[in-house]
Amino acid sequence: MKSIKLFALLFISSLAFTSCSDDDKEDPGSINEEELITTLKLTLTGPGTATTATTIEYKDIDGDGSGQAVITPAAGLTLAKNTTYTAKILLLNETESPAENITTEVADEADEHQFFYTATSSLNADFAYAGTNDSNGNPVGIDFVITTGDASNGSITIVLKHEPNKTAQGVKEGNAANAGGETDIQVTFPIKIE
Amino acid sequence: MKSKNIFLIVMLTLFFIEANSQNCSYTFTGVVEDFHDKSTIVGATIYIKSLNKYTTTDVEGKFSINGLCSGKVTVQISHIACETKTLTVEISKNVFKIFNLEHHIEELDEVNVKGNVLKKTKTSQETLLKTKTLENFSDASLGDAIKEVSGVSSINTGNNIVKPVINGLHSSRILTSINGVRLQDQDWGIEHAPNIDINAAGSISVIKGANALEYGGDAIGGVIIINPARTIKKDTLQGKFIISQQTNGRLSSFSTSLNKTYETGWFVNGQTSFRRAGDFEAANYNLTNTGLKTYGFSTNGGFKGFDKGFDIYYSYLSNEIGILRSSHIGNSADLVNAINNGEPLVVNEFSYDINNPKQEVKHQLVKAKLYKRLKGLGVFSLQYDFQHNNRLEFDIRRGNRNSLPATDLTLKNHAVKADMKFDANSNTTYKIGISGGYQNNFPDPRTRVRRLIPDYDKYNAGIYAISEFRFNGFLLSTGLRYDYNHIDSKKRYLKTRWNSLNYNQDFSDIIINEDSDEFLTNPKFNYHNLSASAGLLIDLNSENSILLNYGLSSRAPNPSELFSDGLHHSASRIELGNLRIQPEKSHRLSSTYTYVNDKVNFSIEGFYNFINDFIYMEPTATENTIRGSFVVWSHIQTDANLFGVDTTIKYQFSDNFSISNKSSLLKGIDVTRNRPLIDIPPFKTVSTLQFIKPEWNNFQTTLQSKFNARQNEFPNNNFTTFVAISGQDELVDISTPPNAFHLLNFTSGVDLNLFKTKIGLQFSVDNIFNTSYRNYLNRLRFYADEIGRNFKIQIKINY
């Protein structure tokens, strides 16, 4: 019957073990997801002094949550035909206050990032990289140029790839087909060319 | 008991003895020895079937049968607590033979699982893998080894993360017990391989279905029982080394163990192993970042006597596993790109480096157990165990955060159990037991990534009773078990997610706090589960037996099924738990027919598993985020039926040659939706031709053919997504299974005896033709082929 006593002892001590570990626990705190990108702002500047800059924004404040993203202006941008615009991308994490500029983080790791731009086939627009290249002389694409053609309707998609293979065929020229890597951003804006 | 049965058979067959008019005068003598320590075995039965002659060994293990005619006779050697051996002996003169029996000193404490190499259950569909088989997998994983059992397959993430699948079910539906301790290591995740060092196992029992109630009542798929090497009550010191080297992945593995036992019953064992590999190779390219580094050790010691004993066990295992670089992708468009590309997008030179994405898992286990035999009653035993599991998962991250894990889960588990086995009457035994446990999960917020699995405390208590009755060649076993589970979690929900799941209607009472974008909730759930089992073994005669089995089991939802909430990178999908999930319940009917004689060993196992409220994941929505679109997979419940047949046959067509085959066919149906279940292993058949020549240093060579059919029954979860490169919506084919494949493997080996040291050498080639193929049950099948040809050498030293 000694073992019964031993058993009782062990059982009770383990109960004590488990019950005391339950106390004084703090509630789990909110985690600030530092890598979150909530907002992409695209600023286009036309040639000459007559044209002022236009901006379009994509904002999804809850990240992977189920909240809907908002595009402002919702109708998209209207661009002039046969015109060259200089374009600049700004990435923000607006869950922080003040909003954190993620573009600088991308620029700091320029060799690990690249933006790609595509237009739907209905839209007459071409893209070219501008701005500073990364340390290997490959494009990053925070700055770029949009050249519009004849009047048309469609959309453009901006993709940011993390760790793409920049030396793969076509990648330097802005074709993401062989780039691999993972997509950190994929945003589509409606565009009208008049 | 076996010898009793044989005696009965002998008595029966005596009636049918035919008169033999030949003049036969040869004598057949021999000795029966223990396979392991060469001690003689007293009282073993030697039975010549064709002549119905039998005798038993004397105190020196010797036997003699005279009056034999020339020709071949079939001899069956059996002993209580030994594997029965059947072989053919050529009689052309007086013959002397030494027989080795796999002798297991009859467990003084049958209740003590440790050391008992006999099967764990007598009326279940159980298969035992012995040390010799397991040693071939010294450089592989548990999941690889138990695929030796017909009807067992695996669900993989690449080639290093291998999770066992028993009759189509896996993860939380399989219970893994190591050294009598239920493994608690976040087994809900498909990419969470069991933290078991195969080198620490002496034998492994695989039980299909939930018929081993003393281990748990929720093992709807089955139970895997890992036993350490047995201890012999004798003054010995035994050691073992296994070293192996592979070409594929340039894998090196090393394992050693040392066992010291004393006549008095005291024992101490130690074991350690190390394994390292770099990038593995598919048939046509390197699988970049698929290396691994794993090491572990275990030690146990104690006292084993007839009326009492105890043991203490500790084990440590560390796994660092690289995940194929190309499988770390972003949105659904990346998935289309990967699938359409046909080859991994990142292929680099061979390297031993393990970069992100990767996993680092450390598992520790401490166990203490004691038992005491109470006179005229039975054996009482008591056990306590503690497990500590830390899982780190590293993703490819921005801004120098690569060294910071994206997942950091620590699971602590305490368990106590006590049981009493009433075995005073050998025809009727009962066992009752109780168990209790406490578990705590802590997701470390240092990851700066929202918690995939929340903080929780889990309590459980269980009580069971099992019994075994023997009568007239029948063996009936029955069991009943009740389990109570309580889970108390603290979880933060994004308000948008909370509302989209309609929790605001049903669960508003569990919100305990809120900030601008999140609710802090305190979900508490209680689950009551009842399980039962019944099995009947009918020995028709010495060659035929039938097993009938029924199992009722129910399983409470795991934390992942309730709470998971986040993006799964290698699947490019958002996975959501469901607070409304209720336990699933399974009714499993099965039957086995076995035929054994000296040449043929055949068994066919059939089963039908009806599962009510089967918990599974299904695509339920598409969500657009700034990263593009993702499919949302949610946990839901349905009624499912699984049924299938597993066969095993071995035919010994001469002394040296044998051929064997293992096949399994399985179907899984979602009855509610009338469509196939996902991830059901396709038809598989494995045939082996073996040549053994004991005279040539135990030379043996085998040629194995493995055929996996294509799974033609699968649910269609395909969807379309916008792909920027082409500027249009494209089909994402995540459903279509890969083609059938056929592989050939070759193994050859010899055993050399140098003084008291036994050296085994083995050479093998897997995938001889370097076939490129993909496996339906590999989560990385969208990205890369399985591994190609592999040459392997293994040296085993027993001293």
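## Interface and cores of chains A and B

In this predicted model, 58 residues of chain B are in contact with 58 residues of chain A, contact being taken as heavy atoms within 4.5 Å. Residues are numbered from 1 along each chain as its sequence is written, and chains are lettered from A in the order in which they are written. Local features need pLDDT of at least 70, side-chain atom pairs count only at pLDDT 80 or more, and totals for chains, interfaces and linings use all residues, while side-chain values rest on heavy atoms, with hydrogens and water left out.

The interface can be summarised by the following values.

| Property of the chain B and chain A interface | Value |
|---|---|
| Buried area | about 5,200 Å² |
| Carbon and sulfur part of the buried area | 52% |
| Salt bridges | 10 |
| Polar contacts (both residues at pLDDT 80 or more) | 26 residue pairs |

Buried area here is the accessible area (1.4 Å probe) that two parts lose on being put together, summed over both. A salt bridge is a side-chain nitrogen of Lys or Arg within 4 Å of a carboxyl oxygen of Asp or Glu, and one of them joins Arg397(B) to Glu35(A), with the closest N and O atoms 2.7 Å apart. A polar contact is a pair of N or O atoms within 3.5 Å; within protein, one must be able to donate a hydrogen and the other to accept it, and residues adjacent in sequence count only if both atoms are side-chain atoms.

The largest nonpolar core has 32 residues, of which Leu40(A), Leu42(A), Ile89(A), Leu91(A), Phe115(A) and Phe189(A) touch the most other members. Such a core is a set of buried Ala, Val, Leu, Ile, Met, Phe, Trp, Tyr and Cys residues joined through side-chain atoms within 4.5 Å, where buried means under 20% relative accessible area (1.4 Å probe, protein chains only). Strands of chain A including β1 (39–45), β5 (84–93) and β11 (182–193) each supply at least two residues of this core, strands being DSSP runs (E, at least two residues) numbered from the N terminus. The largest share, 5 residues, comes from β11(A). Beyond its neighbours within four places in sequence, the contacts of Leu42(A) include Ile56(A), Ile89(A), Phe144(A) and Phe189(A). Apart from this core lies another, of 28 residues, among them Ala282(B), Leu292(B), Val723(B) and Ala784(B).

Asn790(B) lies in strand β46 (residues 790–798) of chain B, and counts as buried because its relative accessibility is 5%. The side chain of Asn790(B) reaches the backbone nitrogen of Thr247(B) at 3.5 Å.

Notes
Buried means under 20% relative accessible area, exposed over 50%, partly exposed in between (1.4 Å probe, protein chains only). Helices (H or I, at least four residues) and strands (E, at least two) are DSSP runs, numbered from the N terminus.
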